Amino acid sequence: MSRVKSFLALAVMLLPGVLLFAAASFAGSGTGAGAGGVRAGSANAPGDVVRGRKIARQHCARCHVVGQFNRMGGISSTPSFYLLVREFKDWRVRFETFYARRPHPAFLSIAGTQRLRKNLPANAHPIVLQRKAIADVIAYVETLRK
Ligand code: HEC
């Protein structure tokens, strides 16, 4: 009887150690190439402010006020980039996914992710951006927050 008890006591004492060991080896395997590799190619990669400004001027300024240079430009019903980055807590998510948010899918796509509609209206001005452009634009609009 007492033998059983001491065996149980020993098992209980050892258990945390075994669990810790298991947890440590699991965590160790998780920090391998897999976890780091996924992030490298995503929109979270640091963007380039200069490229982002250029992309915004070229492709977004037609509708949005995107900076001082077109402060009086844009289309009045379209939110300015200043407004978006200063007033919306989730501005980053909005910019990360803008291409999927209306009205953008009607005239803009990201290379390799979506396809533009085949029946674009005659006056549409289709835009195809590289995935990297998203991070660049985000790096640029972040400078408008100050
Ligand atoms: C043809 C006009 C047009 C162009 C070009 C355009 N946008 Fe927009 N964008 C809009 C309009 C209109 C809205 C507001 C949509 C709404 O509130 O329903 C908007 C909203 C947004 C929003 C906020 C989305 C949301 O759901 O809150 C972001 C971010 C955005 N645009 C980014 C961009 C970027 C970056 C570019 C250039 C690569 C761009 N837009 C080009 C018209 C345009």
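So, how do the residues of the shell around the ligand divide into nonpolar, polar and charged? Let's start there. The shell holds nine nonpolar residues, four polar ones and four charged ones. Before going on, please keep in mind that this is a predicted model.

Okay, who sits around that ligand? There are 17 residues around it, and the ones that come nearest are His-59, Cys-60, Cys-63, Phe-98 and Arg-101. As for where the shell comes from, helix H3, residues 49-60, supplies at least two of its residues, and so does helix H5, residues 91-96.

Let me pick out Cys-60, one of those nearest residues. Cys-60 belongs to helix H3. Is Cys-60 buried or exposed? Cys-60 counts as buried because 23 other C-beta atoms lie within 10 Å, and the cut-off for buried is 20 or more. Here's another thing about Cys-60: from its C-alpha to that of Ile-127 is 10.0 Å in space, while the two are 67 residues apart in sequence.

Now let's step back to the whole protein. You've got six helices and two strands. Reading from the N terminus, the order goes α-α-α-α-α-β-β-α. The protein has 146 residues, and 16% of them are buried. If you take the contacts with a separation of 6 or more, 46% are between residues 24 or more positions apart.

Next up, the core. The largest nonpolar core has 16 residues, and those touching the most other members are Ala-56, Val-66, Phe-81, Ile-134, Val-137, Ile-138 and Val-141. Which elements give two or more residues to this core? Those are H3, helix H4 (81-87) and helix H6 (132-142). H6 gives the most, with seven residues.

Zooming in on Ala-56, and skipping its neighbours within four places in sequence, you find contacts with Ala-61, Val-66, Val-137 and Tyr-140.

Last topic, confidence. The average pLDDT is 79, and 69% of the residues score at least 70.

Notes. Residues are numbered from 1 along each chain as its sequence is written. This is a predicted model: local features need pLDDT of at least 70, side-chain atom pairs count only at pLDDT 80 or more; totals for chains, interfaces and linings use all residues. A residue is near a molecule or strand if its C-beta atom, placed from the backbone, lies within 6 Å of it. Helices (H or I, at least four residues) and strands (E, at least two) are DSSP runs, numbered from the N terminus. Ala, Val, Leu, Ile, Met, Phe, Trp, Tyr, Cys and Pro count as nonpolar, Asp, Glu, Lys and Arg as charged, and the others, Gly among them, as polar. A residue is buried if 20 or more other C-beta atoms lie within 10 Å of its own, exposed if 12 or fewer, and partly exposed in between; C-beta atoms are placed from the backbone. Two residues are in contact if their C-beta atoms, placed from the backbone, lie within 7 Å. pLDDT is the predictor's confidence in each residue, from 0 to 100. A nonpolar core is a set of buried Ala, Val, Leu, Ile, Met, Phe, Trp, Tyr and Cys residues joined through C-beta atoms within 7 Å.
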